[in-house]
Amino acid sequence: MITLALVLLVVGFLYAVDHAWPGFRGISAWWLRRGEPVKDWVRRAPLTYLYLTLLTFTTWLLANTSEPLRKAFLAEQSTNLHELSTNPVTVLVRSAMYVSPVELLIWWVGFSLVVAPLEHRFGWQRTLAGFALGHVGATVAVAYLQVWLFRTAELPVPSPVLIDVGASYGFCALAALATYRGALLRRLLWAGALVALLATGLLLDLDWSSIGHTVAALLGFAFCRLVRPEAAVHHEARVRARRLYQSEH
């Protein structure tokens, strides 16, 4: 009920602003002046904001289920060894669709600052390819490393109900690809900050997640051809041609 009430309040607020109701005219006037750049930013990154909307919806659904049911459901969507060995393709896709409420807020900011500019410059196809490269590549690499380690060291296999879902591997790959945007100094500073952040994660908490984040970033650095300058030129040409066609029709 609380969630439904919040949704209704948000919808009512947006409706009041859009129709300039008394008491909302100041906000409506501000939105008319400032809202178009925001709309244009979102329109030019459809994949980014479609994905964030999907994450918001799935997070809302899970927040309204009981904890035992939520844990059991997430375990079935996780990229643990049990699920990867029985239903690999499905869990590789589904595991990227669920995050915690706190992570959701972080991803709205992170994707808007890092991923949306990439999509603006290179298009949704290359952005999707970079995300899939990090998510699938790092997941498979970590899984093979786990299997090798458990066999050679004769360690017990992890629990089949281990929960491992989220958007972080894909984001790390895209963050690494973002290194290749801008001037040389900006690239060096960005790459240095990203490497320092990943190294800190490995030193403070060496687990499979931190290893996966590092692998995903390395994959992003390695596949720099996804964001070569020619790709940006071609994407900009397609965008201009589409806008010209729309203006003439």
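A residue is called buried when its relative accessible area is under 20%, exposed when that area is over 50%, and partly exposed in between, as computed with a 1.4 Å probe on protein chains only. The model is predicted, so local features need a pLDDT of at least 70 and side-chain atom pairs count only at pLDDT 80 or more, while totals for chains, interfaces and linings use all residues. Residues are numbered from 1 along each chain as its sequence is written, and side-chain values use heavy atoms, with hydrogens and water left out.

The structure holds 10 aromatic pairs, where rings of Phe, Tyr and Trp (its six-membered ring) pair if their centres lie within 6.5 Å, and planes under 30 degrees apart count as stacked, over 60 as edge-to-face and the rest as tilted. One of these is the tilted pair of Trp 107 and Phe 171, with 4.9 Å from centre to centre and 50° between the planes. This pair links distant parts of the chain, since Trp 107 lies in helix 7 (residues 101-122) and Phe 171, 64 residues apart from it, in helix 9 (residues 168-177); helices here are DSSP runs of H or I with at least four residues, numbered from the N terminus. Both Trp 107 and Phe 171 are buried.

Phe 111 and Phe 131 form another tilted pair, at 6.4 Å centre to centre and 55° between the planes. Phe 111 belongs to helix 7 and Phe 131 to helix 8 (residues 124-152), so the pair ties together parts that are 20 residues apart in sequence. Phe 111 is buried, with a relative accessible area of 2%, and Phe 131 is buried with 13%.

Key
Helices (H or I, at least four residues) and strands (E, at least two) are DSSP runs, numbered from the N terminus.
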